Amino acid sequence: MKPTIILNAIALAAALGLTSCGKQTGTSQAERTANALASYVAPGEKDEYYLFYSGGHSGQVYVAGIPSLRHISTIPVFAPYPATSYGFDEESRKMLGDFTWGDVHHPALSQTNSKYDGRWLFVNDNANNRIARIDLRDFKTHQILGPIPNSIGNHGSSFITENSEYILCATRFSVPLPKGRVADPKDYEKEFNGMVSGIKVDPKTGEMKVGWQILTPPFDWDLGSTGKGPSSGWAFWTSYNTEMAHDTLEVNSTQKDRDLCAIVNWRAAEKAVADGKAQTMDGVPIIDPAKVPGVLYFVPIGKSPHGMDVDPTGKWVVAGGKLQPATTVLNFEKVQVAINNKTFEGDFRGIPILKYEAVVEGEVPVGLGPLHTQYDGKGNAYTSMFIDSCIVKWKLPPWTDEEKKDLTKVVLDKVPAHFSTGHLVVAGSDTAQPYGKWCVAMNKLSAGRHINVGPAQPESSQLIDISGDKMKMVAEAYTEPEPHFAQILKVSEIQPAEVYPKDENKDPNAVWEKAQSGVTRNGNQVEAKLMAIRSRYNPDRIDAQVGDELTVHVTNVEQTRDMIHGFGLIEHNINMVMDPGETKTFRIKLTKPGVFPFYCTNFCSALHQEMQGYLVVWEPGKGPATGAAGTSSAGGSK
Ligand code: RUQ
Ligand code: CUA
């Protein structure tokens, strides 16, 4: 079938809500009851797993519980979120910089020895070439790195190595490098390049910095994953557009039967940089893999492949060919033999291409539109089928001779999904020891599955019980757009903080008692240090003048769970929310006279409504010269 025909089939299947995976489960009353019980979390009970799912171009990460699929938290990452004042207070505004959105695709939990260690969650921003780190102690974003130099379209990321040494990233787009250089897209093949980046993670703090980069031909790198076990130290990416087309990619990048996937020895890259074999571009050591053998290899995979997922043993690497009705299973042990024996079928710009037949274990006929593959740790693989709209369960090698002759025999089960599944996630799939049990299908189109809310059709995700031989679809829930990949973590594996302990608050402007709080003036700089406690601010009056620069620090001195206070300033677009023990700051230039109430935005007590104060902005030269009338101010007040 021609690619365009397949793509039309995708559109048609989606429009009609067609599935070719057979009958939907859960249609009898008995099945419905059993399914409802399986995902039911009664009032007062709690979910067993966290589901961290990326929110695509909403720029956020969402947290749901499993098995209830209830959305319980939003972690703002690349976009402002007034509910937690993310993007409003000074610190988070600084982190966001000039951008107010991002395109989050692939969250990665930190790992130690190929197991989740419950410390951090990293996510990529495809749009602005960034990586963010969320700390699982408080479920907040603590660092945004980027835009990464020499990297455009940070989509093939964020893939974490087995001991969280690196976040590995590959570019979706190619441009003339370094950034800012201009060349005609007609000269794409000659002038444009892609990049693989190794983002170094500090093992103690999680702080990221750009480590090194590997220059690549201008293919569009797609999804990837990192190795473990026998493939420890390696990473893999699919690509599309090996054709190196620069226009009408729908047609021009789907000409070849196979695209070249990347097999990267990241430890060799690290060593090459240490050995001085890199050149610097835009401040980053860059390896030219044609000049540094052993860092990069190619392998041809059919056809416009998308996902490339390493199994829990680290031996099998599975690629899903969007336009081919099969997944391709690479045997990493054979990859190593082929590399050692130089079993190549040529090279591309000096990068060896491994001989396909030498490294492939088989092509499993899973159906139409395979995208991503996940694993349960019991020898089974689960592949999302975009065109067929289903999840396919199949058996990983080793296969019997009989199975090898007819690989339809290793396809074990299919369950319809609604509709056009993109990513799927099996609990713990990317570790050496998956939890198995649950799979979530993250569907790209819901085509009328929800009550009608107008043209913006809500997305949905579906929970599949994979504990038995047959998969069972048990629940479905709205998912914030646009769902991409997700990670599942057992709740019992982390213990997030419930308050910020007072002695950990290192903010020099924190105030913990009345005597420390107050308002001071220095020239036209007015600084207020406020304490928030049920149900008042101290001080609750700030006097200033038009033309002043006002800085306000608010410390929530509560040490009690769930005692959150807010600070909303009328008609100034100022909004802060302080968790117990937290200090936040805003700065503003005062431009209009008036009396502006500020008030607590987060319901905290029966007298929450009474938690308020005034910012009095006097005409220049008028009003009290400094300070908050009637409160003890720290220094300077008259
Ligand atoms: S990609 S639907 Cu952005 Cu994760 Cu595969
Ligand atoms: Cu403090 Cu409401």
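Isoleucine 391 in strand 27 is the bridge partner of serine 384. The model is predicted: local features need pLDDT of at least 70, side-chain atom pairs count only at pLDDT 80 or more, and totals for chains, interfaces and linings use all residues. Residues are numbered from 1 along each chain as its sequence is written, and side-chain values use heavy atoms, without hydrogens and water.

Strand 26 (residues 380-385) pairs with strand 27 (residues 390-395) in the antiparallel sense, over six bridges. Strands are DSSP runs of E with at least two residues, helices are runs of H or I with at least four, and both are numbered from the N terminus; two strands pair if DSSP finds at least two bridges between them. An open sheet of four strands has the order 25-26-27-28, with antiparallel pairing. Strand 25 (370-375) and strand 28 (411-416) are its edge strands, each pairing on one side only. From one strand to the next the twist averages 20°, with axes fitted to C-alpha atoms and angles running from 0 to 180 degrees between N-to-C directions.

Ligand 1 takes the space of the second largest pocket; a molecule sits in a pocket or cavity if more than half of its atoms lie within 2 Å of its grid points. Around ligand 1 are His105, His106, His155, Leu223, His306, His372, Gly422, His423, Lys444 and His484 (near means a heavy atom within 4 Å). This shell has one nonpolar, eight polar and one charged residue.

Pockets and cavities are found on a 1 Å grid over the protein atoms alone: in a cavity a 1.4 Å probe fits but cannot get out, a pocket is an open set with protein on both sides within 12 Å along at least five of seven lines, and lining residues have an atom within 4 Å of a point. Two cavities of 30 Å³ or more are counted.

| Space | Volume | Lining by class |
|---|---|---|
| Second largest pocket | about 770 Å³ | nine nonpolar, twelve polar, six charged |
| Largest cavity | about 300 Å³ | nine nonpolar, 13 polar, three charged |
| Second largest cavity | about 50 Å³ | six nonpolar, three polar, no charged |

A volume is the space filled by probe spheres set on the points, which are joined across faces, edges and corners. Ala, Val, Leu, Ile, Met, Phe, Trp, Tyr, Cys and Pro count as nonpolar, Asp, Glu, Lys and Arg as charged, and the others, Gly among them, as polar.

In the second largest cavity, strand 32 (472-479) and strand 1 (49-54) each supply at least two lining residues, and strand 32 gives the most, with three.

Methods
Chains lettered and ligands numbered in written order.
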